[in-house]
Amino acid sequence: MKKSSKHLAFGASMLALSILPATAYDSVTDARLASPEPQNWLQFRGNYAGWGYSPLARINAKNVSKLSVAWVYSTGQLEGHQSPPIVNNGLMFVTSPGNQVIALDAKTGAELWRYQHQVPEELMQLHPTNRGVALYGDKVYFGTTDAKLIALDAATGKEAWQVPVADWKSGYYITLAPLAAEGKILVGSSGGELGVRGFVAAFDASTGKEAWRTFTIPAPGEPGGDSWPADSYQRGGGSTWVSGSYDPKTRTTYWGTGNAAPWMPDTRPGDNLYANSVIALDIETGKLKGFHQYHQADAWDWDEVSTPMLIDYQREGKTISGLVHAGRDGYLWLLERKPESIGYVASWPFVRQDVFTSVDPKSGRPTYDPSKTPGTGKTVHFCPSLWGGKDWVPEAYNPQTKLLYVPANNNLCSELTGEKVSYKAGKLYIGVALSNILTNVRMDDKALDHVGEVQAWDLSTGKQVWTHKYKEMNWGPLLTTGGDLVFGGGTNDRKFHAFNAKTGDMLWDFPTNSGVTGVPSTFEIDGEQYVAVQSGWGVDAQRMQGAFDAVLPHKTVVPQGGAIWVFKLPKQG
Amino acid sequence: MRTPGGRSSGECLTRRTALHCLALSMATGMFGEGGPAFATGVDSARPREGDRLVAEDSEGKPKALQLLDIKIGDKPFGAFPFNPADGIKREGSRLNRIILVRFDSSELTPDQLARSADGVFAFSGVCPHRGCDVTEWNDKDRMILCYCHLSQFDPRNQGAVFAGPAPRPLPILPLKSEQSEIVIAGEFSSEPGGAKAID
């Protein structure tokens with residue numbers, strides 16, 4: 001009875017249904033996810049290593065200037081559209097704000113089905129966005145802003161099951177794309193600003209039964225538990241709101257974690273493990289195999305959630321089985337994946353950073369300038385801003401150019417004043433006045449010169465190979481391809497851009513309907529390559545725009561409303 | 001397991017079924033099943049004429065807000081309605097959160113003044129965009145501001161959208177005063193709460 005009444009209130013809404021032959025869908029296996037076919041984009045970053053790379057090369061540096069619109073689809077939703085068009089042999093799956101999944105014919109743009117999940121009326125949606133589906137077997141999986149994990153039949157959009165992952169009333173919500181591996185669907189949770197206790201949880205792909213759950217914030221008595229005072233771990237943040245990566249050889253999944261909660265470190269004396277870290281978990285059991293905390297006792301809202309990148313790089317003549325991350329803390333981190341731990345290799349700032357006075361060459365532990373470290377009742381100016389050198393927005397790695405591409409915000413600083421805060425379930429738990437957060441940005445002459453950057457780094461030498469500058473912000477996730485290209489949007493002029501991956505020359509740009517904060521993807525059907533991205537400005541890009549508007553002499557209005565854009569080359573002849 | 005907003009709480013969301021909802025709560029309260037109940041001094045029915053207001057973070061026996069508690073130019077004051085007859089706070093639904101802002105009554109038109117209690121206006125404290133708590137104030141334009149996605153609402157124009165993504169005005173709640181106590185004079189102009197997911 002309970003189940004049916006829940007279904008009445010929250011059940012699926014099938015808005016359109018077109019029947020595909022049951023045999024038409026190509027089941028997604030572990031083997032396919034581990035070595036994806038070039039023509040497909042089967043998961044959030046295209047591969048388990050988190051690269052945002054496709055070997056497809058029909059669209060390349062020579063012909064990209066001719067790139068044209070193949071089709072467009074309006075999602076019918078406002079707010080931040082961040083999810084990649086995920087493609088499996090001609091079928092495209094896209095999520096949008098509004099807890100919506102859309103399936104389309106990737107070649108023609110014809111809608112096959114559309115699913116919307118009804119959320120509770122009382123839900124507060126701080127980040128009404130979604131970063132995509134996971135494909136596994138014959139199902140499509142996505143998380144919702146009321147913290148549910150839902151499995152749909154890929155061919156029909158019919159709901160197979162849904163499970164509550166955590167309690168939305170206590171501030172848990174899901175915006176990430178689930179990660180599928182070894183018969184499991186892995187998710188984490190957002191809600192650091194609401195005082196959640198972060199976790200990674202795995203669910204059986206066929207039944208939805210929970211297999212394991214590992215908290216990112218240890219309890220007293222557990223390893224790392226002594227890095228928190230008393231019971232503060234229960235609301236210690238460390239949320240996990242961007243998908244992890246997976247190393248099938250070692251059966252280890254790597255996840256980035258958010259900042260410790262609340263924001264001011266004097267409220268939680270200690271290192272606050274495993275917030276602001278990367279953690280390595282055993283895929284079968286969820287057991288913590290290793291971690292590296294990028295920076296302890298966070299004071300700046302510097303979540304380190306973006307997908308840890310598995311990249312083997314050269315360092316002093318050795319090949320290192322690496323883990324790479326362009327941090328919100330403004331440092332580029334080069335780590336090493338070891339069987340039972342994560343090692344520190346090197347780091348350096350990729351944007352203006354005035355907080356770290358040094359980084360220990362052995363452990364990678366930073367030392368802070370106390371005058372740049374906010375606290376309760378203390379006002380502090382620091383760089384980079386609270387959105388960091390790079391927020392959630394994914395980097396990309398190209399194994400042909402051997403360059404790492406970083407969508408950065410440089411030169412930007414913040415001013416924050418910590419204030420007392422008390423915990424109440426489901427309410428904000430920050431410790432900085434909202435009026436302060438809304439106007440936190442500080443811009444000097446350097447920032448007025450430019451903020452947004454697309455950077456290319458040679459990891460073996462530590463050299464910045466090229467940099468493209470945007471006048472204002474960059475919130476554009478990156479894609480790189482075998483055609484020597486880098487694609488990304490992110491600017492407040494609504495444009496989607498293509499760069500020469502070797503030189504950084506901008507080869508093409510296109511004004512879309514809104515600002516592009518979506519993850520781009522690429523795929524091939526019938527010998528033609530396509531590049532796809534969602535346009536739809538909102539959430540943190542709009543928040544940063546509001547903060548810019550508060551300090552700049554001009555205001556910029558970026559129109560909202562989401563659309564999926566798909567581009568290809570014109571037919572020859 | 002308590003599912004978020006299962007059918008019974010869904011039925012509590014409209015004013016029309018509020019009495020039924022209250023009765024249901026009493027019944028479940030008696031059987032110890034949890035949920036909003038008289039026993040806990042909380043209910044979910046929408047605010048109604050004659051209700052008084054209490055500061056949102058206050059505990060214990062509610063103390064009715066006075067006109068003097070709301071200062072001109074301050075950021076929105078968060079409150080919940082309560083029934084003065086039995087002191088029961090209507091905070092079982094977060095959609096009953098109310099915000100109060102004040103203007104100098106000498107600068108208000110007769111129409112504006114009539115919606116206020118001596119220059120104090122009441123609105124839903126939940127943004128009609130995505131359901132965030134509305135807490136902030138744009139002092140320059142004297143607009144109510146939602147920090148969440150930067151929607152702004154005009155308190156002197158019945159909560160009309162001034163800027164941002166909100167699809168409709170912030171519901172207004174008419175006020176009057178009795179012996180300098182703030183008293184609710186009617187119902188919300190429209191149902192409070194964020195946009196429905198399925199639209």
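**Cysteines and confidence in a predicted model**

A:C383 is buried, at a relative accessible area of 1% (buried means under 20% relative accessible area, exposed over 50%, partly exposed in between, with a 1.4 Å probe and protein chains only). A:C413 also counts as buried, at 1% relative accessibility. These two cysteines form a disulfide, with sulfur atoms 2.2 Å apart (a disulfide is a pair of cysteine sulfur atoms within 2.5 Å). The link joins distant parts of chain A, 30 residues apart. A:C383 sits in the loop between strand 26 (379-382) and strand 27 (396-398). A:C413 belongs to strand 29, residues 413-417. Strands (E, at least two residues) and helices (H or I, at least four) are DSSP runs, numbered from the N terminus. The link of A:C383 and A:C413 is right-handed, with 90° about the S-S bond.

Some ground rules come next. This is a predicted model, in which local features need pLDDT of at least 70 and side-chain atom pairs count only at pLDDT 80 or more, while totals for chains, interfaces and linings use all residues. Residues are numbered from 1 along each chain as its sequence is written, chains are lettered from A and ligands numbered from 1 in the order in which they are written, and side-chain values use heavy atoms, leaving out hydrogens and water.

Over all chains, the structure holds two disulfides. The other pair is in chain B. B:C132 and B:C148 form a disulfide, their sulfur atoms 2.1 Å apart. The torsion about their S-S bond is about -40°, so this disulfide is left-handed. B:C132 lies in the loop between strand 4 (120-124) and strand 5 (136-138) of chain B. B:C148 lies in the loop between strand 6 (143-145) and strand 7 (152-154), so the pair ties together parts that are 16 residues apart in sequence. Both B:C132 and B:C148 are buried.

B:C127 is in no disulfide. Its nearest cysteine sulfur is that of B:C146, 4.1 Å away. B:C127 is buried, at 2% relative accessibility. B:C146 is in no disulfide either. B:C146 is likewise buried, with a relative accessible area of 2%.

How far does confidence reach in chain B? The mean pLDDT of chain B is 82, and 77% of its residues reach 70 or more (pLDDT is the predictor's confidence in each residue, from 0 to 100). Over residues 1-39 of chain B, pLDDT stays under 50. The model has 43 contacts for that stretch beyond four places in sequence (contact means heavy atoms within 4.5 Å). Where pLDDT is low, the predicted coordinates should not be read in detail.
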